[in-house]
Amino acid sequence: MLCSLCPRQCKIDRVNNRGFCGEGEHIRIAKVIKNFKWEEPCISGDKGALAIFFSGCNLRCDFCQNYEISHIGKGEEYTVDGFVELLKSFDFSQYQSLDLVTPTQFSLQILLALKQFKPPVPIVWNSNGYESPEMIRSLASVVDVFLVDFKFCSKELSLKLCGAKDYFTVATNAIKLMCKLKSSIFNDGIMGQGVLIRHLILPGQVRDSLNILNYIKSNIEEPFVSIMSQFTPIGRGGLNRKLTPLEYKTVMSHAKRIGLIHGYFQTLESADEGFVPKF
Ligand code: SF4
């Protein structure tokens, strides 16, 4: 099968070759973190999520906070059946959700696995937004929550930082479709179903952040957002500093001014290496 799982459309045979995401035919997992509490409270809850970090990435941003797994590719391989067995080995009464982190390059394999066994907690598809409508429609049958990044507005910026000039078009189509497919349902503060749109403010890119917030406000009905300030420089992508207090205040004030009030707003103190998982 030639891979066209995501908008990169590499059309290569993943049994013998690697496409942009760097991954082969089998699921590869870099790390499993139990009772992971670093997602938003409606995802982590009191118990924390069972977080599965997949290897590789179909976006591969230069500044990626999980660079070791997205670019270098570390991890253990699982067939679909092997992944089902792995999921069955966990006691899900101990977790608030199943958090599938950077899963897009294994969309088909994960979909097949979840059709065999769907754990009895909200299934969270924690992705970068660079995804095809066909795959999102298929995933909606097994995924409960789309926790989706909205990274860039400017074509020049997305081309420079992840080689995807069409990121904005692809991601906005993906997010609108996700919102159409999954209306919000909360149970005791936990998101049982819905869409949470994440935006990480980048240093020197306040204008892009403001454009993204404006787009969300104008195009998404009752958006639930997470505005993040935790960017930590990793020495790549030309982004070599944290946010300044003025950049932070400008974006957060704008969110409030235009009425984006439902969701989460990180403090500036969150820009710390403690937010970057060790792999
Ligand atoms: S999943 Fe990987 S190989 Fe397939 S189209 Fe996307 S980037 Fe290319």
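This is a predicted model: local features need pLDDT of at least 70, side-chain atom pairs count only at pLDDT 80 or more; totals for chains, interfaces and linings use all residues.
User: Which residues count as the surroundings of the ligand, and what makes them so?
Analyst: The residues around the ligand are Cys3, Leu5, Cys6, Arg8, Gln9, Cys10, Arg14, Gly19, Phe20, Cys21, Asn58 and Gln105. They are listed because a residue is near a molecule if one of its heavy atoms lies within 4 Å of it.

User: How is this shell divided by class, and what kind of space does the ligand take?
Analyst: The shell comprises six nonpolar, four polar and two charged residues. The ligand takes up the space of the largest cavity.

User: Why is Phe20 called partly exposed?
Analyst: Its relative accessibility is 32%. Partly exposed covers what falls between under 20% (buried) and over 50% (exposed), so Phe20 belongs to that class.

User: Where does Phe20 lie, and what does Phe20 touch?
Analyst: Phe20 is placed in the segment before β1. Beyond residues up to four places away in sequence, Phe20 touches Arg8, Cys10, Cys57, Asn58, Leu59, Arg60 and Cys162.

User: What makes the phi angles of Asn35 and Arg60 worth noting?
Analyst: Asn35 is not a glycine, yet its phi is positive, at about 50 degrees. Arg60, also a residue other than glycine, has a positive phi near 55 degrees. Asn35 lies in strand β1, whereas Arg60 is in the loop between β2 and α2.

User: How do you know that the buried residues of α3 line one face of the helix?
Analyst: In α3 (residues 80-88), Phe83, Val84, Leu86 and Leu87 are buried. Viewed down the axis of α3, these buried residues fall within an arc of 160 degrees, so they line one face of the helix.

User: What covers the buried residues of α3?
Analyst: The cover includes β1 (27-36), β2 (49-54), β3 (76-78), β4 (98-101) and α4 (107-116).

User: Gln96 is in a loop; is Gln96 buried or exposed, and why?
Analyst: Gln96, in the loop between α3 and β4, has a relative accessible area of 17%. Buried means under 20%, so Gln96 is buried. Among the residues that Gln96 touches, leaving out those up to four places away in sequence, are Ile43, Asp46, Lys47, Val121 and Ile190. Its C-alpha atom and that of Gln9 are separated by 34 Å.

User: What makes Glu222 exposed?
Analyst: Exposed requires over 50% relative accessible area, and Glu222, at 71% relative accessibility, therefore counts as exposed. Glu222 lies in the loop between α8 (206-219) and β9 (225-228). Glu222 and Asn187 are 18 Å apart, C-alpha to C-alpha, and 35 residues apart in sequence.

Methods:
Residues are numbered from 1 along each chain as its sequence is written. Side-chain values use heavy atoms; hydrogens and water are left out. On a 1 Å grid over the protein atoms alone, a cavity is a set of points where a 1.4 Å probe fits but cannot get out, and a pocket is an open set with protein on both sides within 12 Å along at least five of seven lines; lining residues have an atom within 4 Å of a point. A molecule sits in a cavity or pocket if more than half of its atoms lie within 2 Å of its grid points. Ala, Val, Leu, Ile, Met, Phe, Trp, Tyr, Cys and Pro count as nonpolar, Asp, Glu, Lys and Arg as charged, and the others, Gly among them, as polar. Buried means under 20% relative accessible area, exposed over 50%, partly exposed in between (1.4 Å probe, protein chains only). Helices (H or I, at least four residues) and strands (E, at least two) are DSSP runs, numbered from the N terminus. The arc is that of the directions from the helix axis to the C-beta atoms. Contact means heavy atoms within 4.5 Å.
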